Amino acid sequence: LMAAGSGTISWSPHPNTIRIRTDQLGVRVMKGLADLLESTAARAESLAKTGAPWTDRTGAARAGLRGTSDSHPSGGEVVLSYSVDYGVWLELANQGRYATVIPTMQIIVGELANGLRGLMQ
């Protein structure tokens with residue numbers, strides 16, 4: 001906002017430009033959040049599959065690890081899950097010796113926090 005000669009006010013940028021940019025901000029942030037969650041889910045799936053500490057017998061547990069994401073106006077989520085019913089035992093039995101989902105999500109949460117900080121800057 002600048003006062004120009006003859007009692008007029010000159011806006012830089014123009015108020016219409018500010019309004020358009022403000023209206024587009026929400027759309028850009030939601031798109032950025034959706035992209036961030038999607039890439040984080042893919043990274044989580046990859047880390048879990050490569051970092052799984054067990055020896056495959058059938059390969060079903062490793063192949064069935066899935067990272068998915070969802071975003072909506074109130075937030076979003078990243079989910080890492082098994083498609084085999086014995087996945088819970090891999091995570092919890094034997095003092096968690098064969099866990100891959102929990103350790104992977106502990107890594108991913110820090111990466112996601114960094115990504116969110118970058119998105120907001």
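Start by selecting two sets of residues: Val29, Gly32, Leu33, Leu36, Leu37, Thr40, Arg43, Ala44, Leu47 and Ala48 in α1, which meet Thr104, Met105, Ile107, Ile108, Glu111, Leu112, Gly115, Leu116, Leu119 and Met120 in α4. Contact here means heavy atoms within 4.5 Å. Helices are DSSP runs of H or I with at least four residues, strands are runs of E with at least two, and both are numbered from the N terminus. Colour the contact by residue type and you get 14 nonpolar, four polar and two charged. In that scheme Ala, Val, Leu, Ile, Met, Phe, Trp, Tyr, Cys and Pro are nonpolar, Asp, Glu, Lys and Arg are charged, and the others, Gly among them, are polar.

Before going on, keep in mind that this is a predicted model: local features need pLDDT of at least 70 and side-chain atom pairs count only at pLDDT 80 or more, while totals for chains, interfaces and linings use all residues. Residues are numbered from 1 along each chain as its sequence is written, and side-chain values use heavy atoms, with hydrogens and water left out.

**The helix pair**

Now show α1 (residues 15-51) and α4 (residues 101-120) as cartoons: they pack at an angle of about 160°, with axes 10 Å apart. The axes are lines fitted to C-alpha atoms over the stretch in contact, and angles run from 0 to 180 degrees between N-to-C directions. The two helices are therefore roughly antiparallel, the word for angles over 145 degrees. Their crossing is right-handed, meaning that the near helix is turned clockwise from the far one by less than a right angle.

Zoom in on Leu47, which sits in helix α1. Beyond its neighbours within four places in sequence, Leu47 is in contact with Thr104, Ile107 and Ile108. Draw a C-alpha to C-alpha distance from Leu47 to Thr104 and you get 6.4 Å, for residues 57 apart in sequence. Leu47 counts as partly exposed, at 21% relative accessibility; buried means under 20% relative accessible area, exposed over 50%, and partly exposed in between, using a 1.4 Å probe and protein chains only.

**The ring pair**

Next, pick Trp54 and Tyr82, both buried. Their ring centres are 6.3 Å apart and the planes are at 35°, so the pair is tilted. The rule pairs rings of Phe, Tyr and Trp (its six-membered ring) with centres within 6.5 Å; planes under 30 degrees apart are stacked, over 60 edge-to-face, and the rest tilted. By that rule the count is one aromatic pair. Trp54 lies in the loop between α1 and α2 (60-63) and Tyr82 in the loop between β4 (75-81) and α3 (87-92), so the pair ties together parts 28 residues apart in sequence.

**Around the rings**

Which residues does Thr100 contact, leaving aside neighbours within four places in sequence? Select Ala48, Gly51, Ala52, Pro53, Trp54, Leu65, Tyr82 and Glu91. Thr100 itself is in the loop between α3 and α4 and is buried, at 2% relative accessible area.

Then hop to Arg62 in helix α2. Not counting residues up to four places away in sequence, Arg62 touches Lys49, Ala52, Trp54 and Asp56. Arg62 is buried, with a relative accessible area of 19%.

Last stop: Ser81, in strand β4. Ser81 is partly exposed, at 31%, and touches Gly64, Leu65 and Arg66, again not counting residues up to four places away in sequence.

Definitions and conventions:
Angles under 35 degrees count as roughly parallel, over 145 as roughly antiparallel, 65 to 115 as roughly perpendicular and the rest as oblique.
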